[in-house]
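Here is a short report on one protein model. Look over the sequence and the fold, then read on.

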Amino acid sequence: MQNEPPLIEYRNVTVNRGQRIALENVSLSIGQGENVAILGPNGSGKSTLIKTITRECYPRLIPGSSLRILGRDTWNIFELRPLLGVVSSDLVLSCLGPYTAREIVLSGFFSSIGLWPHHHVRPAMEEKTDQAMERLEVAHLAARPMTELSTGEARRVVIARALVHEPRALVLDEPTASLDLHATYELRCTLRRIAAAGTGIIMVTHHLDDIIPEIGRVILLKAGRVFADGPKEEILTADRLAALFGTRFELVRRDGYYHLW
Ligand code: ADP
Ligand code: MG
């Protein structure tokens with residue numbers, strides 16, 4: 001893999017949102033197969049970072065600034081989907097329409113939300129859809145309308161949708177937000193299995209305990225800038241987290257997870 005380009009590479013990326021600078025001069029590179037957590041307080045630019053990948057937000061055109069995926073600057077969404085399975089909270093919301101769970105997963109093949117008359121569903125797509133739903137343990141929800149699922153169930157369905165192409169990495173924005181304890185625990189176990197099976201996990205979160213043991217690298221984002229980046233054991237210290245979140249906690253490590261008290 002030594003000569004392969006990074007999966008995602010931000011170079012001096014600055015993004016404005018309205019009057020604000022949401023990301024400022026961000027440089028970071030994520031290799032293929034790396035499992036990474038991007039941790040930061042509310043408003044630190046985490047979602048903007050993901051939205052620059054999906055082209056919902058555009059970097060300012062500054063000389064020396066680039067956002068490359070597998071070494072390339074320009075991609076269309078259809079080429080990108082098999083590489084990166086991006087699951088944002090906005091995407092989950094968009095999927096809560098008049099579709100069954102299975103239609104949502106199948107529509108991953110068309111980069112659409114729900115199926116339309118011009119979509120031609122091939123048997124291989126049906127097969128991959130069923131496999132992805134089984135992987136996410138949502139096969140039993142196949143015929144249920146998205147609007148009747150719990151938050152945790154809907155999120156799993158949308159993650160299954162992102163996996164139909166067997167992407168190199170899953171890119172998740174706050175995957176456990178507003179899930180109850182049980183759904184949070186179950187989703188973390190599922191993400192651990194996905195990482196163990198070789199799909200990279202790139203996860204944005206403000207919860208330290210979302211960082212599953214498979215994640216070896218942590219990038220801290222503060223006020224739109226990279227505050228620290230490196231191996232999890234080096235980056236996650238009580239002092240650094242106090243400087244990041246503005247409150248002092250005791251940091252406890254247990255069974256490969258970190259917690260704040
Ligand atoms: P995070 O996901 O870390 O909470 P965001 O990337 O959503 O942070 O936001 C980064 C900054 O951009 C914040 O200052 C936020 O207020 C601002 N921002 C986010 N969305 C918008 C928007 N639609 N219009 C204007 N400013 C926005
Ligand atoms: Mg966010």
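Which residue just after α5 takes a positive phi? Glutamate 137 does, with a phi of about 55 degrees.

## Basis of the model

This is a predicted model, in which local features need pLDDT of at least 70, side-chain atom pairs count only at pLDDT 80 or more, and totals for chains, interfaces and linings use all residues. Residues are numbered from 1 along each chain as its sequence is written, chains are lettered from A and ligands numbered from 1 in the order in which they are written, and side-chain values use heavy atoms, with hydrogens and water left out.

## Helix α5

Helices and strands are DSSP runs, numbered from the N terminus (helices: H or I, at least four residues; strands: E, at least two). Helix α5 covers residues 123-135. At 1.5 Å a residue, its 13 residues should span 18 Å. The expected span is 1.5 Å times one less than the number of residues. The end C-alpha atoms of α5 are 19 Å apart, which agrees.

Burial is set by relative accessible area: buried is under 20%, exposed is over 50%, and partly exposed is in between (1.4 Å probe, protein chains only). In α5, the buried residues are Met125, Thr129, Ala132 and Met133. Seen down the axis, they fall within an arc of 100 degrees, so they line one face of the helix. The arc is taken over the directions from the helix axis to the C-beta atoms. Pro123, Glu127 and Glu134 are exposed, on the face turned away from the buried side. The cover over the buried residues of α5 includes α4 (101-106) and α6 (151-163).

How many cavities of 30 Å³ or more does the structure hold? It holds one. The largest cavity has a volume of about 30 Å³. A cavity is a set of points, on a 1 Å grid over the protein atoms alone, where a 1.4 Å probe fits but cannot get out; lining residues have an atom within 4 Å of a point. Grid points are joined across faces, edges and corners, and the volume is the space filled by probe spheres set on the points.

The lining consists of Tyr10, Ile30, Ile38, Leu49, Ile50, Ile53, Val171 and Ile202. It divides into eight nonpolar residues, no polar and no charged. Here Ala, Val, Leu, Ile, Met, Phe, Trp, Tyr, Cys and Pro count as nonpolar, Asp, Glu, Lys and Arg as charged, and the others, Gly among them, as polar. Helix α1 (residues 46-53) gives the most to this lining, with three residues. α1 is mostly covered: seven of its eight residues are buried. Among them are Lys46, Leu49 and Ile53. Arginine 55 follows α1 and has a positive phi, near 65 degrees.

Isoleucine 30, one of the cavity-lining residues, sits in strand β2 (residues 20-30). Its relative accessible area is 1%, so it is buried. Contact means heavy atoms within 4.5 Å. Leaving aside neighbours within four places in sequence, isoleucine 30 contacts Pro6, Leu7, Ile8, Val36, Ile202 and Arg217. Its C-alpha atom is 9.6 Å from that of proline 5, 25 residues apart along the chain.

Is threonine 176 buried or exposed? At 6% relative accessibility, threonine 176 counts as buried. It lies in the loop between β6 (169-173) and α7 (181-196). Not counting residues up to four places away in sequence, threonine 176 touches Arg155, Thr184, Leu187, Arg188, His207 and Asp210. The C-alpha atoms of threonine 176 and aspartate 210 are separated by 7.4 Å, although the two are 34 residues apart along the chain.

Asparagine 25 is not a glycine, yet its phi is positive, about 55 degrees. It lies in strand β2 and counts as partly exposed, at 41% relative accessibility. Leucine 70 has a positive phi near 45 degrees. Its place is the loop between β4 (66-69) and α2 (77-80). Leucine 70 is buried, with a relative accessible area of 18%.

## Helix α9

In helix α9 (residues 238-245), Leu241, Ala242 and Leu244 are buried. They cover an arc of only 165 degrees around the axis, which puts them on the same side of α9. The buried residues of α9 pack against β3 (36-39), β8 (217-222), β9 (225-231), β10 (251-254) and β11 (257-260). Glycine 246 follows α9, with a positive phi near 80 degrees.

How values were computed:
On a 1 Å grid over the protein atoms alone, a cavity is a set of points where a 1.4 Å probe fits but cannot get out, and a pocket is an open set with protein on both sides within 12 Å along at least five of seven lines; lining residues have an atom within 4 Å of a point.
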